[in-house]
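Open the model in your viewer and have the selection tool ready. Each stop below says what to select and what is there.

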Amino acid sequence: MKLQRKNRVRALAVGALAVSGALALSACGSDDTTGAGGGGAAKPSNIKCDGKGKLLASGSSAQKNAMDVWVQNYSGACKDTEINYQPTGSGAGVTTFLQGQTAFAGSDSALKPDEVTKSKQVCRGGQAVDLPMVGGPIAVGYNVPGVDNLVLDAKTLSKIFNSEIKKWNDPAIKQLNPGAKLPDLKIQPFHRSDDSGTTDNFTKYLKAAGGWKHEPAKKWEGEGGQAASGSAGVSSQVKQTSGAISYFELSYATASKIPTAKLDTGAKEPVEATVDNASKAISEAKQVGKGDDLALDLNYTTKAEGAYPITLVTYEIACDKGNKAETLPATKSFLTYISSKDGQSALKELGYAPLPTEIADKVRATVAKIS
């Protein structure tokens, strides 16, 4: 990232707005931009306020800080509506939604078929749909004294996170970093303790590109290592623990000044975890959901030059039909705002991985039909 962008992120981080990976749906839609990049208050006239009272939602911690910015802007315009988003993790968020306790959920993984079936009990006459809203790179952050330029690959990462490679001067790491002074230091891998879509996406990458011995899942299945809750928890552990390594959204690394590993993907040069590089990988995503369900299949094995393969897309999960009458107006109003050009532009200057224009247009069209 450019220095100005890094400084911008760090400034917001002071207020707990170290925004997690999200997307800038650039060049889409017909709304006028507010120019309020970086989380500034949006102009009330650009947000259509519907509904009153409290709107409850929960789920992905990857989008928690993006939600903070959106909620701040929306609440500034819509005084009669209180948006309460709890970053409980993707798994917990989906469970709570399927129990009918929240208006929508945030998840870094699309719904499974059985979850779609269960949603029909909550969405009377309809079902839950996946709406891509936030996307970006999952960085591999590390704390190795004297090493500020580290290259790793999927195979080596798989062994590190399965406790098969235990020292930073292991031959496999040395081979990828011939010029680095790697210390004889124990590797301290940290993983998420909560059911996490970030974990699901990270292990999908390890499985697809690195021969991970376990099945990808929201719940951590690797052997050994230590656990912490949420992206904030694991990034904090890396920051304060010598020899530590973990995975979390890029902006957590940027805000805490945590160095991130470049990935040897088979391209000519190792690929850095940046928003632009994640965008190149996400551009290869294919829609696999049917109809208004916009679930995407990400390409974790891309070898395209400059394409960073460990990415995630956070979905807002809502009923296409059968939303509760008391929360439908506010739900539709809020989702309309965050999917709009204004909503995305409010975060744009902080750096977000854009989704393909055709997907962005489908998100807005689906939100407009929610009933």
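## Stop one: a loop residue

Select K257: with a relative accessible area of 59%, K257 is exposed (over 50%; under 20% is buried, and partly exposed lies in between, with a 1.4 Å probe and protein chains only). This is a predicted model, where local features need pLDDT of at least 70 and side-chain atom pairs count only at pLDDT 80 or more, while totals for chains, interfaces and linings use all residues. Residues are numbered from 1 along each chain as its sequence is written, and side-chain values use heavy atoms, leaving out hydrogens and water.

K257 sits in the loop between helix 9 (250–256) and strand 9 (262–263). Helices (H or I, at least four residues) and strands (E, at least two) are DSSP runs, numbered from the N terminus. K257 is not a glycine, yet its phi is positive, about 55 degrees.

## Stop two: another positive phi

Go to S163, in the loop between helix 5 and helix 6 (171–176). Its phi is about 60 degrees, and S163 is not a glycine either. S163 is partly exposed, at a relative accessible area of 25%.

## Stop three: aromatic rings

Now select F161, F202, W212, W220 and Y247: they form one aromatic cluster. Rings of Phe, Tyr and Trp (its six-membered ring) pair if their centres lie within 6.5 Å; planes under 30 degrees apart are stacked, over 60 edge-to-face, the rest tilted. The count is nine aromatic pairs. F161 and F202 have ring centres 5.2 Å apart and planes at 75 degrees, so the pair is edge-to-face. F161 lies in helix 5 (residues 154–161) and F202 in helix 7 (residues 197–210), so the pair ties together parts 41 residues apart in sequence. Both F161 and F202 are buried.
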